[in-house]
Amino acid sequence: MQWVGTRSFSLYLVHEPILVAAALLVGVSGWWPWVAIAVALVPAILLSAALFYRVVEHPSIGLSRRVGRLIATPPSARASRTAKGKGKGPDALAPGPQMLPDLDSNQEPAG
């Protein structure tokens, strides 16, 4: 049940396009053919949701957490962390402080 809970957004996104595409390909009309198609496509929907979660949703969640930590950390702490070498590893965000605007200063951008 937890598996379905963590992938519920992915299930929400992929179920309708799969059902509609299948119904259009088969050319059904009426209530019972829709139910039969929906039941038959449950494994395909679950597989597609798992793939979507693994390829799109999970990496996006990780990226948002890293960006959130970066934004929450003051620029001075970011600079000292990078200087000490603690900014390396899988949790580090690739762009260095020089690539990010300093939102705490009131200086005009050069140029």
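1. Helix 2 covers residues 8-26, and its length is consistent with its residue count: at 1.5 Å a residue its 19 residues should span 27 Å, and the end C-alpha atoms are 27 Å apart, which agrees. The expected span is 1.5 Å times one less than the number of residues. Helices here are DSSP runs of H or I with at least four residues, strands are E runs of at least two, and both are numbered from the N terminus.

2. On provenance, this is a predicted model, in which local features need pLDDT of at least 70, side-chain atom pairs count only at pLDDT 80 or more, and totals for chains, interfaces and linings use all residues. Residues are numbered from 1 along each chain as its sequence is written, and side-chain values use heavy atoms, with hydrogens and water left out.

3. Helix 2 has a kink of about 30° at Val14, shortly before the proline Pro17. The bend at a residue is the angle between axes fitted to the seven residues ending there and the seven starting there. After helix 2 comes Gly27, with a positive phi near 75°.

4. Which residues of helix 2 are buried? They are Ser10, Leu11, Val14, Leu19, Ala22 and Ala23. Buried means under 20% relative accessible area, exposed over 50%, and partly exposed in between (1.4 Å probe, protein chains only). The cover over these residues includes helix 1 (2-6), helix 3 (31-40) and helix 4 (42-72).

5. Helix 4 bends by about 45° at Tyr53. Tyr53 is also one of the buried residues of helix 4, the others being Ile45, Ala49, Glu57 and Leu70. An α-helix has 3.6 residues a turn, so residues three or four places apart point the same way.

6. Glu57, in helix 4, deserves a separate check. Its relative accessibility is 14%, so Glu57 counts as buried. Apart from neighbours within four places in sequence, Glu57 is in contact (heavy atoms within 4.5 Å) with Thr6, Phe9, Ser10 and Phe52. The C-alpha atoms of Glu57 and Arg7 are 8.7 Å apart, although the two residues are 50 residues apart along the chain.

7. Trp3 belongs to helix 1 and is partly exposed, with a relative accessible area of 36%. Outside the four places on either side in sequence, Trp3 is in contact with Leu46 and Ala50. Between Trp3 and Ala50, 47 residues apart along the chain, the C-alpha separation is 9.2 Å.

8. A nonpolar surface patch consists of Met1, Trp3, Val4, Val42 and Leu46, with about 500 Å² of accessible area together. Helix 1 and helix 4 are the elements that give two or more residues to this patch. Patches take residues with over 30% relative accessible area and no salt bridge, joining like charges within 9 Å and nonpolar side chains (Val, Leu, Ile, Met, Phe, Trp, Tyr) within 5 Å. A salt bridge is a side-chain nitrogen of Lys or Arg within 4 Å of a carboxyl oxygen of Asp or Glu. Areas come from the Shrake-Rupley method with a 1.4 Å probe; for residues, only the protein chains shown count as cover. Met1 sits in the segment before helix 1 and counts as exposed at 87% relative accessibility.

9. For the chain as a whole, there are 5 helices and 0 strands. Buried residues make up 14% of the 111 residues. The chain exposes about 8700 Å², of which carbon and sulfur atoms supply 66%. Of the contacts with a separation of 6 or more, 62% are between residues 24 or more positions apart.
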